[in-house]
Amino acid sequence: MKTTRRTLLGGIGAGIGAGVVSLGLPGLVRAQNASAHVVVVGGGFGGATAARYLRRYSPDLKITLIEPSETFVTCPFSNLYLGGLRSWDSITHSYAAHRGAGIEVIHASAEQIDGAARKVTLSDGTALEYDRLVLSPGIDIRWGALEGYDEPAAELAPHAWKAGPQTQLLKSQLEAMADGGTFVMSITDGAFRCPPGPYERASMVAHYLKTNKPKSKILLLDSKETFSKQGLFKQGWEALYGDMIEWISADNDGKVAKVDASALSVETAFGVTHKADVLNVVPPQKAGWIADRAGVTNETGWVPVKGNTFESVQVPGIYVVGDATIAAPMPKSGFCANAQGKVAAAAIIADLAGAEPAPASFVNTCYSLVGPEWGISVAGVYYFDGEKLAEREGSGGVSPIEADAAFRQAEAVYGAGWYASISADTWGTV
Amino acid sequence: MPPFTMRLPVRAFLATFAFALPATAYADATVSEAQILAGPCASCHGPGGQSPGAIPSIAGLPEADLIAALTAFRDNPPAGTTVMTRHMKGYDDAQIAALAKFFAEAEQ
């Protein structure tokens, strides 16, 4: 099939090059797209967006979205759920709009991807052939990379770094904690999903505790020496929560070396033990496991991609988007995954037509909520410079440290506006 | 034949004769540079520039107003500007013009 189309298109190109029947091209390209099948694996910010933009760009393309869950709960704004500012329903999205747009949605898990045969095998035994594949696998936890932190441990000391039952477990533990208790968070270093996420979580837990259990404490044990939007977070914490939040950096023995989940305690690199009432571990991470089976990960556990298309550098025909990719200087964020999904969709449309895609362009904006009326942001504009992904010079950066209360309030409002818009863009739901 | 050598004639054709094709037909063949530039705007301003939330919709605004506003965010931001300055510093005049045209023509 693929060879036939390419041969046909080569013939068209040759004919056009000779100046023959130029108006025949659009119809033939449409026929190309109509016979092509794009399978999207993963219904989060990257995959759900790619599926919808493939449809937007090509009304006739056959598109199948594979996602195990019937609904998707977002990590963005799950900290607001922990803080009591958002309902579970408000961060849960369905695939009704995908189905309404003529995208076939299959709720199964992709178990194998054969990039040479261009075939995906699902958990229900179905095998799907594809012409192009979008893979948006998200992250998985590197179980055991932090001593003592395995899957059973996460049932006692949740990571809550994939939104779902883990998030609800952490919330129920916070609700069960006595006033005067200590919430301890261990924070990994290296590449991880949502760089400001741990610090927004600390903020939202502080909001919950200040409102409900004001004698409680928050201890952040960090494996890093600095963190995202650090000055802005610390300013907001001091203003809103006084000394409730204590952050200990790696150079002050903040790096956790060992977790004892049954004792709800952690031991630092220098052997100091901290006891928690609620223990949250943001652990070492890697690309979602299906990326390994597709053969697109490298020795880092993440996925190298071509910056202009997000096609895998290792397996042709597989476009990988979102947190699983190595896309620095873009962060691992839902906003970036959404932007990458659109670029991959455009690249696939071009590739199916035998053309080169127009230049890629990306933006990131990460809002974090420090308090209900205190929002902060970091932004960046990115492009492919011919060799690698790069940030547009002079663009981006964080909210000004000297901004007034009205500015912080505006960014809290805009953060909620962002969530409504990106949800509408990604799932067709608000 | 390897695919890359076959792509060249089509690519050259599209670059040279794109003006001769109906706009919708061209959009079927490839996604335009303006569409790709405008892609990330939707994440805050809503799909196609129609916002369901607190961030302003930008679909269907007059092209000249959009050029003026986007350029001002970059070069001389009005009081109360939050993140738009940090965004627009990443776009040149030609890109701003392309974005303005795209959203001016977008369905309201």
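User: Why is B:Glu105 called exposed?

Analyst: Happy to start there. B:Glu105 has a relative accessible area of 56%. Buried means under 20% relative accessible area, exposed over 50%, and partly exposed in between (1.4 Å probe, protein chains only). The value for B:Glu105 is over 50%, so the residue is exposed. Please keep in mind that this is a predicted model, where local features need pLDDT of at least 70, side-chain atom pairs count only at pLDDT 80 or more, and totals for chains, interfaces and linings use all residues. Residues are numbered from 1 along each chain as its sequence is written, chains are lettered from A and ligands numbered from 1 in the order in which they are written, and side-chain values use heavy atoms, with hydrogens and water left out.

User: What makes B:Lys101 and B:Glu105 a salt bridge?

Analyst: Their side chains come to 3.0 Å, N to O. A salt bridge is a side-chain nitrogen of Lys or Arg within 4 Å of a carboxyl oxygen of Asp or Glu, so this Lys and Glu pair qualifies. Both residues sit in helix H7 (residues 93–105) of chain B, four residues apart, or about one turn of the helix. B:Lys101 has 41% relative accessibility and therefore counts as partly exposed. Elsewhere in chain B, salt bridges with shared partners link B:Arg74, B:Asp75 and B:Asp93 into one network.

User: How do you know how many helices and strands chain B has?

Analyst: Helices (H or I, at least four residues) and strands (E, at least two) are DSSP runs, numbered from the N terminus. By that rule chain B has seven helices and zero strands, which gives the pattern α-α-α-α-α-α-α along the sequence. Of its 108 residues, 45% count as buried.

User: Why does the pair A:Asp189 and A:Lys255 count as a salt bridge, and which parts does it tie together?

Analyst: The closest N and O atoms are 3.5 Å apart, which meets the salt-bridge limit. A:Asp189 is in the loop between strand S11 (182–187) and helix H8 (197–212) of chain A, and A:Lys255 is in the loop between strand S13 (245–248) and strand S14 (256–260), so the pair ties together parts 66 residues apart in sequence. A:Asp189 is partly exposed at 33% relative accessibility, and A:Lys255 is partly exposed at 34%.

User: Why is the meeting of A:Ser203 and A:Trp237 called a polar contact?

Analyst: The two side chains make this contact at 2.8 Å. A polar contact is a pair of N or O atoms within 3.5 Å; within protein, one must be able to donate a hydrogen and the other to accept it, and residues adjacent in sequence count only if both atoms are side-chain atoms. The 2.8 Å distance is within that limit, so the pair is counted. A:Ser203 lies in helix H8 of chain A and is buried at 0% relative accessibility.

User: How do you know which residues A:Leu220 touches?

Analyst: Contact means heavy atoms within 4.5 Å. Leaving out residues up to four places away in sequence, A:Leu220 touches several residues, including A:Met185, A:Tyr199, A:Trp237 and A:Ile248. A:Leu220 lies in strand S12 (residues 217–222) of chain A and is buried, with a relative accessible area of 0%.

User: How do you know where the domains of chain A lie, and what joins them across the interface?

Analyst: The bounds come from an automatic or database domain assignment, which gives domain 1 (36–138 + 288–356) and domain 2 (154–285). The contact takes 17 residues from domain 1 and 20 residues from domain 2. Across this interface the rule finds one salt bridge. A:Asp323 and A:Arg193 form a salt bridge with closest N and O atoms 2.5 Å apart.
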